[in-house]
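Here is a friendly walk through one protein model, written for someone who likes to know where each side chain sits. Please keep the viewer open as you read.

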Amino acid sequence: MHKDCIYLDNNATTKVDPAIVEAMLPYFSDYYGNPSSMHTFGGQVGKAVRLAREQVAALLGAEESEIIFTSGGTEGDNAAIRAALLAQPQKRHIITTQVEHPAVLNVCQQLETQGYSVTYLSVNRQGQLDLNELEASLTGNTALVTIMYANNETGTVFPIEQIGLRVKESGALFHVDAVQAVGKIPMNMKTSTIDMLTLSGHKMHAPKGIGALYLRRGVRFRPMIIGGGQQRGRRAGTENVPGVVALGKAAELELLHLEEATAREKQLRDRLEQTLINTIPNCEVNGDPANRLPNTTNIGFKYIEGEAILLHLNKHNICASSGSACSSGSLEPSHVLRAMGLPYTILHGSIRFSLCRYTTEAEIDAVLAIMPDIIERLRALSPFKNDNVGWLQQQEKSVLGVGR
């Protein structure tokens with residue numbers, strides 16, 4: 001299947017760039033020394049690690065000393081949140097949003113069981129925050145504000161620097177999960193209000209299992225992984241050198257292609273989105289059309305299940321993802337779309353298409369050719385045809401009544 005696969009699920013993971021594979025391969029066999037070793041054989045590996053750190057720093061507009069290599073986004077989010085709290089033990093309040101990735105939400109929910117209070121900011125129908133709600137939530141007891149740069153499901157981009165200015169005025173630390181945004185949005189940490197930022201390699205054509213945490217110079221940091229003195233004592237453990245080299249190369253390529261690739265992805269995304277909206281009735285775009293990632297569209301198709309659409313797409317070797325998930329035999333709508341207050345018929349019929357620099361015009365044409373027929377056939381089988389069905393209204397009330 002993979003040779004003919006049309007892959008439009010790049011917000012989930014990306015293909016490893018062949019140039020990145022080539023860059024990392026020697027560090028599995030020829031250059032296998034420990035980068036912390038004193039001998040020359042290990043020293044040359046250490047130089048490769050330093051180069052990769054410089055490459056990641058360049059992509060972020062940061063200093064080399066501000067980059068900590070991690071195993072990925074989840075570790076980076078966990079490390080940033082816990083470090084911020086350990087550095088300010090007298091403060092017991094955290095602010096985040098209802099639409100964060102589970103790597104943030106589940107940590108915050110666990111911290112609530114340990115005596116911390118957490119404010120989960122709401123979003124509007126377009127998935128955007130109310131900055132007045134943020135300001136009202138900030139107190140002298142707020143240790144950390146942790147908010148994603150761009151939402152992984154809808155692509156909605158938050159006004160991070162506006163948020164950061166308010167956070168800085170309060171004296172709290174500001175962490176940003178930028179896993180979906182790095183490589184798609186230009187960044188400059190030298191002029192940013194961000195204290196800590198998380199990124200992950202497998203969202204930018206590097207392998208899975210490697211990421212980085214940006215830590216602004218001067219911000220106090222207590223490591224989550226303790227052991228040896230690697231990475232200036234901020235993250236113990238012998239570095240995953242092939243992964244580190246791969247992430248460095250990925251950062252170099254993302255910086256090189258950023259402007260060209262994002263413009264092209266946006267053009268393809270817009271054509272896919274507008275053609276589907278114009279040719280298929282009763283569907284709409286979820287998220288903020290004016291402020292979102294250039295590669296992402298989330299479209300709700302009324303009166304059918306997203307999982308059914310995905311199954312039909314899969315028969316044509318097309319990969320996308322759904323805005324709802326199946327759990328324990330019962331469909332649970334996306335927490336992101338639910339927080340946006342979308343109607344029940346949209347919640348369950350939403351599909352995310354996410355593109356990358358490898359996406360082609362022909363692939364978009366193939367999706368456009370089959371989607372109308374898929375939707376028409378599924379709606380013909382649907383037990384509900386409009387928004388006035390009593391059962392649907394009951395389901396909508398029960399779903400939208402859930403706080404998070």
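The notes below go from the ground rules to individual residues.

## Ground rules

This is a predicted model, in which local features need pLDDT of at least 70 and side-chain atom pairs count only at pLDDT 80 or more, while totals for chains, interfaces and linings use all residues. Residues are numbered from 1 along each chain as its sequence is written, and side-chain values use heavy atoms, with hydrogens and water left out.

Helices (H or I, at least four residues) and strands (E, at least two) are DSSP runs, numbered from the N terminus. Buried means under 20% relative accessible area, exposed means over 50%, and partly exposed lies in between, using a 1.4 Å probe and protein chains only.

## Aromatic pairs and a surface patch

How many aromatic pairs does a search of the whole structure find? There are two. Rings of Phe, Tyr and Trp (its six-membered ring) pair if their centres lie within 6.5 Å; planes under 30 degrees apart count as stacked, over 60 as edge-to-face and the rest as tilted. Tyr 27 and Tyr 31 make a tilted pair, because their ring planes meet at 40 degrees, with the centres 5.6 Å apart. The other pair, Tyr 32 with Phe 41, is edge-to-face, at 4.9 Å centre to centre and 70 degrees between the planes. Tyr 31 is partly exposed at 34% relative accessibility, Tyr 32 is exposed at 60%, and Phe 41 is partly exposed at 30%.

Phe 28 belongs to helix 2 (residues 26-29) and is exposed, with a relative accessible area of 53%. Together with Val 21 and Leu 25, Phe 28 forms a nonpolar surface patch of about 280 Å² of accessible area. Such patches take residues with over 30% relative accessible area and no salt bridge, joining like charges within 9 Å and nonpolar side chains (Val, Leu, Ile, Met, Phe, Trp, Tyr) within 5 Å. A salt bridge is a side-chain nitrogen of Lys or Arg within 4 Å of a carboxyl oxygen of Asp or Glu. The areas come from the Shrake-Rupley method with a 1.4 Å probe; for residues, only the protein chains shown count as cover.

Is Glu 100 buried or exposed? Glu 100 is buried, at 0% relative accessibility, in the loop between strand 3 (93-97) and helix 5 (102-112). Leaving aside residues up to four places away in sequence, Glu 100 touches Leu 105, Thr 146, Ile 147, Met 148, Phe 158 and His 335; contact means heavy atoms within 4.5 Å. The C-alpha atoms of Glu 100 and Met 148 are 6.4 Å apart, although 48 residues separate them along the chain.

Arg 53, in helix 3 (residues 40-60), is buried as well, at 5% relative accessibility. Beyond residues up to four places away in sequence, its contacts are Glu 64, Ile 67, Phe 69, Gln 231 and Arg 232.

## Helix 5 and its cover

Helix 5 has buried residues Ala 103, Val 104, Leu 105, Val 107, Cys 108 and Leu 111. Their cover includes helix 4 (73-87), strand 3, strand 4 (117-121), strand 5 (142-146), strand 6 (173-177) and helix 10 (335-339).

Most residues other than glycine have a negative phi. Tyr 303 has a positive phi of about 75 degrees; this buried residue (8% relative accessible area) sits in the loop between strand 10 (296-301) and helix 9 (306-315). Asn 317 has a positive phi of about 60 degrees and lies between helix 9 and strand 11 (318-319), partly exposed at 23%.
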